[in-house]
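I opened the model and kept notes as I went. The entries follow the order in which I looked things up.

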Amino acid sequence: MSENPAAVPLQKLANGAEIPMIGLGTWTMDDTEAGAAVRNAIDVGYRLFDTAENYGNEVGIGEGIARSPLARNEVFLTSKFNAEWHSFDGVRQAWRHSIEQLGVDYIDLLLIHWPNPERGTYVDAYKGLAKLLAKGKVRAIGTSNFTQSQLTELMDATGVVPDVNQIQHSPLWMRADDIAFHQRHGIHTQAWAPLARGGVLEAAPVVEAATAHQKTPAQVVLRWNLQHGASPIPKSEDPGRMASNLDVFGFELDAAQMSAIDALDGTGDAPVDPMVFGH
């Protein structure tokens, strides 16, 4: 993958692919909104785009990329599939559906969106993902919202380390134990809702750190995620905010600032429980 204008660092994943350390989240965008957002994001330097079957915007994202000047290998595409495909053969059908919607011939990172433990078939789904990886249909595989025990099941059953586990991570929902587990096993952590859906941007320790570094509160929270080992995928449709969200690699929060922001953990609404929620 070539260097992009914003010089976003790349992280090498367990199975060899390299992933940008910040990407664009697209949840709640429709096809038209997603297509416009992708084109604007490419202009300011984004190269990672996160979507899902359940978002209903893969067509728009594919069109936005197709209309850009970038070659396919300059873009990192992540998609996720729903519970109906949780079987060894079903995963290939999910992959086929996504590449047709996106208008591409491979996906960089394909994830099981939710474990849906009541179905009891996420291990079979992961075996299907491992086969796609072995055949070069995807460059990386992983999970979203999986627990440590579920990740252990996958690795024990296949011997294949998930490249990524996406988790809900922000100052309101710190996941230090999960991130430490990921790091021990070579799993890269991505943070969804890294800004707590705006719920921490007016918090005193965030505002104080923003003032000290002459940055926005959002930049401070994104930097906090990165320093905790979680690469964020913030959503925005505004080109100015998109550019600002990328500009988080030229400063560092000190230990006191990190600790003060850490203290916000548990002060918001409860995080989503992947043992009971899914699709």
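**Entry 1: helix H10.** The face turned away from the buried side of H10 carries the exposed residues Ala 255 and Ala 256. I call a residue exposed over 50% relative accessible area, buried under 20%, and partly exposed in between, with a 1.4 Å probe and protein chains only. Helices (H or I, at least four residues) and strands (E, at least two) are DSSP runs, numbered from the N terminus.

This is a predicted model: local features need pLDDT of at least 70, side-chain atom pairs count only at pLDDT 80 or more, and totals for chains, interfaces and linings use all residues. Residues are numbered from 1 along each chain as its sequence is written, and side-chain values use heavy atoms, with hydrogens and water left out.

Which residues of H10 are buried? In H10 (residues 255–262) they are Gln 257, Met 258 and Ile 261. They cover an arc of only 100 degrees around the axis, so they sit on the same side of H10. The arc is that of the directions from the helix axis to the C-beta atoms. I then checked what they pack against: helix H7 (204–213) and helix H8 (217–227). Contact here means heavy atoms within 4.5 Å.

**Entry 2: the sheet.** I traced the strand order next. An open sheet of 8 strands runs S3-S4-S5-S6-S7-S8-S9-S10, with parallel pairing. Strand S3 (24–25) and strand S10 (230–232) stand at the edges with a single partner strand each, so one side of each has no neighbour in the sheet. Two strands pair if DSSP finds at least two bridges between them.

**Entry 3: strand S6 and its neighbours.** I asked how many residues of strand S6 are buried. For S6 (residues 107–112) the count is 6 of the 6, so S6 is largely enclosed by the rest of the structure. S5 and S6 run parallel and are joined by 4 bridges. Lys 80 has Leu 111 as its bridge partner in S6. S6 and strand S7 (residues 138–144) also run parallel, joined by 5 bridges. Ile 107 has Val 138 as its bridge partner in S7.

I followed the connections as well. The chain crosses from S6 through helix H4 (residues 122–134) to S7, and this β-α-β crossover is right-handed. S5, helix H3 (residues 88–102) and S6 make a right-handed β-α-β unit. Right-handed means that, with the strands pointing away from the viewer, the path from the first strand over the helix to the second runs clockwise.

H3 lies across S5, S6 and S7, running at about 135 degrees to S6. H4 packs on the sheet, touching S5, S6 and S7, and its direction makes about 165 degrees with that of S7. Axes are lines fitted to C-alpha atoms, for helices over the stretch in contact, and angles run from 0 to 180 degrees between N-to-C directions.

**Entry 4: Thr 78.** I picked a residue within S5 (residues 76–81), namely Thr 78. Thr 78 is buried, at a relative accessible area of 1%. Leaving out residues up to four places away in sequence, Thr 78 touches several residues, among them Leu 48, Asp 50, Leu 109, Leu 111 and Gln 166.

**Entry 5: annotated positions.** I checked UniProt, where an unreviewed entry places the feature "active site" at Tyr 55. The same feature source lists His 113 under "binding site", also from an unreviewed entry. UniProt positions are given in the numbering used here, feature names are shortened, and annotations may be inferred rather than shown by experiment.

Tyr 55 lies in the loop between strand S4 (48–50) and helix H2 (58–66). Tyr 55 is buried, with a relative accessible area of 18%. Beyond four places in sequence, its contacts include Trp 27, Asp 50, Lys 80 and His 113.

His 113 lies in the loop between S6 and H4. His 113 is buried, with a relative accessible area of 5%. Beyond four places in sequence, its contacts include Tyr 55, Lys 80, Ser 144 and His 279.

**Entry 6: Phe 181.** I ended in helix H6 (residues 176–185), at Phe 181. Is Phe 181 buried or exposed? Phe 181 counts as buried, at 6% relative accessibility. Leaving aside neighbours within four places in sequence, Phe 181 is in contact with Gln 148, Leu 151, Thr 152, Met 155 and Ile 187.
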